[in-house]
Amino acid sequence: MSSRALSKYILKCPRCGFEVEANPYVMRCPRCGELLDAVLIADRVRINWGSLRDRGVWRYRDLLPEPDNVITMGEGSTPLIRLRGYGNAYVKFEGANPTGSFKDRGMTVGVSLASSIGVRGVIVASTGNTAASAAAYAARAGLECVVVLPKGGVARGKLGQAMLHGARIVEVPGTFDNALEYVLETVLSNGHVEDAHYYPLNSINPWRLEGQKTIAFEIVEEIGVPDYVFVPVGNGGNIYAIWKGFRELMELGIIDRVPRMIGVQAEGAAPMVRYWRGLGEARVDNPRTVASAIRIGKPVNWFRAYRAAKYSGGMFIEVSDEEILTAQKVLGREGIGVEPASAASLAGYIRALREGLVDARDKVVLIATGHALKDPDALLAGNGNNAISISSIDELKALVINGKI
């Protein structure tokens, strides 16, 4: 890997202030164990915001790592869709990415880096979307991919994607939290990647999160700075990455404020809500929710997520599975098909409106993290069977004429 790849960054601990030269293999602070932040060095950044080229994630290459091998499939540039009947709210539809989720933004950067440092393959724990994305981008790069999954805890659409792209599937007992523990204990030692054969690309990896921050850049280019951004929260990396993107633009003088970041969790899997309310550590044993992508009880990025909400003036809120599935239907009737976890952002916004936490006049962006087809079982179970069986053209004509279809 060339020396310029990470030359505009340092790694810094947000707790104890430890700093170290940017390195793709170092992820935790050797002093206190906190996850390190990838911090841009302002005087090494050269960007002309009004004259950006290309499209998608790599449109913002001046604010990203510069690996020798860029592995891309046109991720990013996803639709920002204004909702009908919900104030001044927009949906950022990340389901339009190549594998159908926001994870592709991070994987284009993470896998590009992995390819450039010469590893054999990549390894991830996953609730599904990370597995699908890592497998696809690793295949594109000619790298091996190992995905560690909670047995029986991954939606079939996502599992099928990972298999299609040639990933080696390892199923473990328990939840995603157990799967992540398997991965971290295997490849990390004191926060440093100890085996250069398989590169970890979960959100402990700060370089993967650099790709995800481009969601903020696209929002600013299209509608400016919103008042609020609602984000479904599982492991906590995405809300941090989006906040980081806004903050960097403010530090560079491109915008003059950041939006309030609102993290939304399901009631049965809400460790960040628990911590935010002062009810104990950010941990829930045996998390339960229909929204499998955010069914995480011990978010490894909890401190990152907490900082995003706290320093933006935001908060964490929880919604029921019923509210999530209702929001999924609402979005479906607007032509936007999302998996249950994605619908949590709209469910949270509806609750926030009802409780007076936001005003209908506020400009709001709801992050829809994944496509509806990611979880076909939940999709069919939540929407019932409204099919009508007929055996002739005349029957169809009668149904149409009588308005019964």
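At roughly what angle do the axes of helix 2 and helix 3 cross? Let's start there, and hello, everyone. The axes of helix 2 (residues 129-141) and helix 3 (residues 156-164) come within 8 Å and cross at roughly 20°. That makes helix 2 roughly parallel to helix 3, since angles under 35 degrees count as roughly parallel, over 145 as roughly antiparallel, 65 to 115 as roughly perpendicular and the rest as oblique.

A quick word on what we are looking at. This is a predicted model, where local features need pLDDT of at least 70 and side-chain atom pairs count only at pLDDT 80 or more, while totals for chains, interfaces and linings use all residues. Residues are numbered from 1 along each chain as its sequence is written, and side-chain values use heavy atoms, with hydrogens and water left out.

Helices are DSSP runs of H or I with at least four residues, numbered from the N terminus. Axes are lines fitted to C-alpha atoms, for helices over the stretch in contact, and angles run from 0 to 180 degrees between N-to-C directions.

Back to our pair. Helix 2 passes helix 3 in a left-handed crossing; left-handed means the near helix is turned anticlockwise from the far one by less than a right angle, and right-handed means clockwise. Asn 129, Ala 131, Ala 132 and Ala 135 of helix 2 make the contact with Lys 158, Gln 161 and Ala 162 of helix 3, where contact means heavy atoms within 4.5 Å. These residues divide into four nonpolar, two polar and one charged. Here Ala, Val, Leu, Ile, Met, Phe, Trp, Tyr, Cys and Pro count as nonpolar, Asp, Glu, Lys and Arg as charged, and the others, Gly among them, as polar.

Helix 2 also packs with helix 1 (residues 103-117), at an angle of about 40° and with the axes 9 Å apart. Helix 1 and helix 2 are therefore oblique to each other, and their crossing is right-handed. Among the residues that meet are Met 107 and Val 111 in helix 1 and Tyr 137 and Ala 138 in helix 2. By class, this contact has six nonpolar, five polar and two charged residues.

Next, please find helix 6 (residues 214-223) and helix 7. They pack at about 50°, with their axes 7 Å apart, and the crossing is right-handed. On the helix 6 side the contact includes Ile 215 and Phe 217, and on the helix 7 side it includes Ile 242 and Phe 246. Eight nonpolar, two polar and one charged residues make up this contact.

Now for the spaces. Helix 7 gives the largest share of the lining, three residues. By class, the lining has ten nonpolar, 14 polar and two charged residues.

The largest pocket has a volume of about 290 Å³. Helix 4 (residues 176-187) supplies the largest share of its lining, five residues. Arg 28, Glu 34 and Trp 302 are among the lining residues, which divide into five nonpolar, one polar and six charged.

For both spaces, a 1 Å grid over the protein atoms alone is used: a cavity is a set of points where a 1.4 Å probe fits but cannot get out, a pocket is an open set with protein on both sides within 12 Å along at least five of seven lines, and lining residues have an atom within 4 Å of a point. Grid points are joined across faces, edges and corners, and a volume is the space filled by probe spheres set on the points.

Notes: Helix = DSSP H or I, 4+ residues; strand = E, 2+ residues; numbered from the N terminus.
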